[in-house]
Amino acid sequence: MSHWRLWRLSFLAILVAHLGCGLAGVFLIQRASETVGRVHRDNIVSLEATERMLAVLTQSIAGPVERSVFRSHLDNAKANVTEPEEWKALSVIEANQGDALSGHQDNRARVVLAIEELGNANRKAIVRADQAARATGSAGAWALALATLISIGLTSLVAHQLGQQVLKPLSEVRAVLLAHRSGQRGRRCVKSGDPSWVTVLSTLDELLDRQRESTLAAGPDLRPLVAMLLDRQEAALELRDLSGRRIAASQRALEITSQSDGPPEVASVEWRFDATTEPPGAAQAEGLQESSEHQRFGLELVRLRDASSPASRGPRP
């Protein structure tokens, strides 16, 4: 399996783990909501019916309105039977409701006991539903906690692998480049991690080696050394090429140049080296100027005119 395919599968596994945690939480909340709704639909309605019927029985003799109310709540209880025990109690209420509402004490007592049994059956059903909901919630909570731990562990593993196989090689590249910029030209990469990163680090080492070889082939930069030697002289000396471009200068020459509005005046040429070459056949070439064919190369050391130095003023008139 390739390196990048492994990374894609790892991130996909993290996404699946987080998605599973979210769906598990939604499932638990939905199950709790369904349990509350089922309890209200199956049991609370029956309990409300028993309370209303008991309220009617508190009157010694019920009138037509009270009988209608009692019958309506009895029908509601019969339409909402969810427990086997409810049928026995409803049959007793149905058989004795007329005499109970008319004031017969024996029938009223039997109806009251049957209504209590009906209420107890529904309360027991609510307790069982609560216990089932608690068990489901507890199991779901532990499952959600386990999924969260798996997600955290997988994320930590991927983060560790990311640090070892990606961030560590990048840090090595950064350290080598910073060391190279600070002057440590011999610093090279410590190769570790995935083979693709080893290839990248090896390529960087090759580029640094080539740059170092080209720098050594070009020779050292002697301009700082020349400037230091010129500074030992009190005169305003300046080293130029044959085009007049300054290569190095003494401190006094730099001061004169900074104080002058234009190019400083040359008092004398102390030393000159001219290595101008002429390519073969230049004399026989037609339509070409001789000066354009010459390759000019040379150096000259000039003394700038310094008003404060008698040596650079020249002969008095």
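A: Start with R187, which is partly exposed at 29% relative accessibility. Here buried means under 20% relative accessible area, exposed means over 50%, and partly exposed lies in between (1.4 Å probe, protein chains only).

This is a predicted model: local features need pLDDT of at least 70, side-chain atom pairs count only at pLDDT 80 or more, and totals for chains, interfaces and linings use all residues. Residues are numbered from 1 along each chain as its sequence is written, and side-chain values use heavy atoms, with hydrogens and water left out.

Now the partner. R187 and E172 meet through their side chains in a salt bridge, 3.7 Å from N to O. A salt bridge is a side-chain nitrogen of Lys or Arg within 4 Å of a carboxyl oxygen of Asp or Glu. E172 lies in helix 4 and R187 in the loop between helix 4 and helix 5 (195-218), so the pair ties together parts that are 15 residues apart in sequence. Helices are DSSP runs (H or I, at least four residues), numbered from the N terminus. E172 is buried, with a relative accessible area of 14%.

Next comes R188. R188 forms a salt bridge with D209, and their closest N and O atoms are 2.7 Å apart. D209 lies in helix 5, while R188 lies in the loop between helix 4 and helix 5, so this pair ties together parts 21 residues apart in sequence. R188 is buried, at 18% relative accessible area. D209 is partly exposed, at 34%.

Notes. Helix = DSSP H or I, 4+ residues; strand = E, 2+ residues; numbered from the N terminus.
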